[in-house]
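Here are a few notes to read alongside the structure, written for someone meeting it for the first time. Take them in order, and keep the 3D view open as you go.

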Amino acid sequence: CDKMPKNVKIPTVTEAKRKLAARCAVSEQAPDDLVRKMRTWGMAAADVAAVMADLVDNGFVNEERYARAYVNDKLQYARWGRLKIAQGLRQKGLAAPLVQEALAEIDEAAYRDNLCALLEKQWPAVRGRNAYERRAKLVRFAAGRGFEQHLIFDCLDTLPCVSADDDDELD
């Protein structure tokens, strides 16, 4: 707040409610992100609390709904695994029970199919001296996406492209 220019107008509680309600109407927002936004505007802590209480009371902000939407979007569009999604939700300031509840809604078969399809698609792009090195790079790729190690190895063992290349030596 000390570093804000002197001529910047701090929004009133009503203006902040209007701006943030419009933002929440377009997409789900994490409560911590909204609080951080109001702090960058230079709003007082009491005003921030009042705006947040109003947004929650009117249904614009809902942590459970946000967690479910975040999990769905990251699974479907970013193709992240549970570990990375959980980390992202924790960084957004959501409580551990809420994170676990949202992750529990993931369809296990679709999750596994998503990982196997991701690995199969990535296999041709992975370069290495041999199949072992290519597999290791693929494991690191999937782990970086937040997938669990046991699932990564299960999918690699079932992929025909990976097992067919086990004996091939690559340049």
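1. Let's begin with the lining of the largest cavity, to which α4 and α6 (96-104) each supply at least two residues. Please keep in mind that this is a predicted model. The residues around the largest cavity are E64, A67, R68, L98, E101, A102 and E105. Sorted by class, this lining holds three nonpolar and four charged residues, with no polar ones.

2. How many cavities of 30 Å³ or more does a search of the whole structure find? The answer is one. The volume of the largest cavity is about 40 Å³. As background, a probe the size of a water molecule, rolled over the atoms, shows where empty space is left.

3. Now for the aromatic rings: a search of the whole structure turns up two aromatic pairs. Y66 and Y70 have ring centres 5.9 Å apart and planes at 40 degrees, so this pair is tilted. Y66 and Y70 are four residues apart in helix α4, and so about one helical turn separates them. Y66 counts as buried because its relative accessibility is 7%, and Y70, at 11%, counts as buried too.

4. The aromatic pair of Y111 and F147 is also tilted, with 5.3 Å from centre to centre and 40 degrees between the planes. Are Y111 and F147 buried or exposed? Both are buried.

5. While you have Y111 in view, look for R82: its charged end sits over the ring of Y111, 4.1 Å from the ring centre.

6. Finally, a point about the backbone. Most residues other than glycine have a negative phi. R79 is not a glycine, yet its phi is positive, near 55 degrees. Where does R79 lie? You will find R79 in the loop between α4 (63-78) and α5 (82-91). With a relative accessible area of 23%, R79 is partly exposed, because that class takes in values between the 20% limit for buried and the 50% limit for exposed.

Conventions: Residues numbered from 1 in each chain as written. Predicted model: local features only at pLDDT ≥ 70, side-chain atom pairs only at ≥ 80, totals over all residues. Heavy atoms only, no water. Buried < 20%, exposed > 50% of the residue type's maximum accessible area, 1.4 Å probe, protein only. Phe/Tyr/Trp six-rings, centres within 6.5 Å; stacked < 30°, edge-to-face > 60°. Lys NZ or Arg CZ within 6 Å of the ring centre and 35° of its normal. 1 Å grid on protein atoms, 1.4 Å probe; cavity = no way out; pocket = protein on both sides within 12 Å on 5 of 7 lines; lining within 4 Å. Points joined across faces, edges and corners; volume = space filled by probe spheres on them. Nonpolar A, V, L, I, M, F, W, Y, C, P; charged D, E, K, R; others polar.
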